[in-house]
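Colleague: Please take one part of this model and look at it closely. Start from the end of the chain, and then show me what surrounds it.

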Amino acid sequence: MVERVAVYPGSFDPITNGHLDILQRGLRLFDKIIIAVARNAEKRPLFTVEERLEMIREVVQGLENVIVDSFDGLLVDYVRSVAAMFIIRGLRAMSDFEYEFQMASVNRTLNGQVDTIFMMTSKDYFFVSSRTIKEVAELGGCVEKFVPPSVERRLREKFGR
Ligand SMILES: Nc1ncnc2c1ncn2[C@@H]1O[C@H](COP(=O)(O)OP(=O)(O)OP(=O)(O)O)[C@@H](O)[C@H]1O
Ligand SMILES: [Mg+2]
């Protein structure tokens with residue numbers, strides 16, 4: 001049988017419990033998931049790509065069938081290069097929908113072999129985004145409900161707390 005491989009792309013700056021929830025649920029659908037950090041997505045990231053990869057590796061260690069990688073350039077080219085057939089994206093609010101719909105449509109046009117699979121956020125995470133987490137952490141708020149402990153520690157270090 002053909003292995004069902006999916007790429008889960010994003011900036012993961014940093015990875016949150018919302019991302020991990022999608023990952024864990026995705027593992028029930030796919031044989032292998034490649035978390036792929038986009039190198040060119042964010043112009044002013046808080047964490048370098050290497051720091052982000054390190055944090056992701058820390059929190060997914062022990063999860064079988066998960067690979068952590070980064071990519072440059074077009075997502076569909078990367079997806080093809082790792083012989084994946086699916087892209088996983090999480091959906092929170094309507095505000096995610098328009099952008100995701102555009103991206104999925106463009107990617108489908110660029111590579112008709114690849115399908116984007118959307119997974120609905122869980123109720124506990126629908127308001128969790130990397131951006132919000134960074135804002136709260138920067139202002140000294142507690143983010144331990146929203147990110148793994150190792151990420152929380154890194155955020156405190158980054159903001160000198
Ligand atoms: N809490 C969440 N629930 C469901 N999906 C999520 C959640 N957070 C992120 N995602 C999804 O994960 C994928 C990668 O997202 P990304 O790395 O841009 O994270 P983000 O939290 O949206 O970050 P940013 O705030 O920088 O945009 C996207 O499909 C995004 O919709
Ligand atoms: Mg986003």
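Modeller: A residue is called buried when its relative accessible area is under 20%. It is exposed when that area is over 50%, and partly exposed in between. Keep in mind that this is a predicted model.

Now to helix 6. This helix covers residues 149-158. Which of its residues are buried? They are Ser-150, Val-151, Glu-152, Arg-154 and Leu-155. Look at the kinds of residue here. Glu-152 and Arg-154 belong to the buried set, and Val-151 and Leu-155 belong to it too.

What do these buried residues pack against? They have two partners, helix 2 and helix 5. Helix 5 spans residues 130-138, and helix 2 spans residues 49-60. Just after helix 6 comes Gly-160. Its phi is positive, at about 65°.

Step back to see where this part belongs. The protein has six helices and five strands. Read from the N terminus, the order is β-α-β-α-β-α-β-α-β-α-α. How compact is the protein? Its radius of gyration is 15 Å, and the globule rule also gives 15 Å for 161 residues, so the protein is as compact as a globular protein of that length. A box along the principal axes that holds the C-alpha atoms is roughly 50 × 35 × 30 Å.

Of the 161 residues in the protein, 44% are buried. Take the contacts between residues at least 6 apart in sequence: 75% of them join residues at least 24 apart.

Next, follow helix 2, one of the partners of helix 6. Arg-52 lies in helix 2. Its side chain meets that of Asp-13 in a salt bridge, with N and O 3.8 Å apart. Why does this pair deserve a look? Asp-13 lies in the loop between strand 1 (5-10) and helix 1 (17-26), so the bridge ties together parts that are 39 residues apart in sequence. Are the two residues buried or exposed? Both Arg-52 and Asp-13 are buried.

Asp-13 is joined to Pro-14 by a cis peptide bond, with omega about 0°. Pro-14 also lies in the loop between strand 1 and helix 1. Helix 1 then holds Asn-17. This residue is buried, at 16% relative accessible area. What does Asn-17 touch, beyond its neighbours within four places in sequence? Its contacts are Tyr-125, Lys-145, Phe-146, Val-147 and Pro-148.

Now widen the view to charge. The protein carries 22 positive and 23 negative side chains. The centres of the two sets lie 2 Å apart. The salt bridges number 14. Asp-115 and Arg-108 form one of them, their closest N and O atoms being 3.7 Å apart. Asp-115 is partly exposed, at 31% relative accessibility. Arg-108 is partly exposed as well, at 44%.

Another bridge sits within a single helix. Arg-80 pairs with Asp-77, and their closest N and O atoms are 3.6 Å apart. The two are three residues apart in helix 3 (residues 75-81), so about one helical turn separates them. Both ends are partly exposed: Arg-80 has a relative accessible area of 47%, and Asp-77 has 39%.

Asn-65 has a positive phi, near 70°. It lies in the loop between helix 2 and strand 3 (66-71), and is partly exposed at 43% relative accessibility. Ala-83 has a positive phi of about 60°. Its place is the loop between helix 3 and strand 4 (86-91). Ala-83 is exposed, with a relative accessible area of 59%.

Technical notes: Residues numbered from 1 in each chain as written. Chains lettered and ligands numbered in written order. Predicted model: local features only at pLDDT ≥ 70, side-chain atom pairs only at ≥ 80, totals over all residues. Heavy atoms only, no water. Helix = DSSP H or I, 4+ residues; strand = E, 2+ residues; numbered from the N terminus. Rg over C-alpha atoms; globule rule 2.2 N^0.38 Å. Buried < 20%, exposed > 50% of the residue type's maximum accessible area, 1.4 Å probe, protein only. Contact = heavy atoms within 4.5 Å. Lys, Arg positive; Asp, Glu negative; His and termini not counted. Charge placed at Lys NZ, Arg CZ, Asp CG, Glu CD. Salt bridge = Lys/Arg side-chain N within 4 Å of Asp/Glu carboxyl O.
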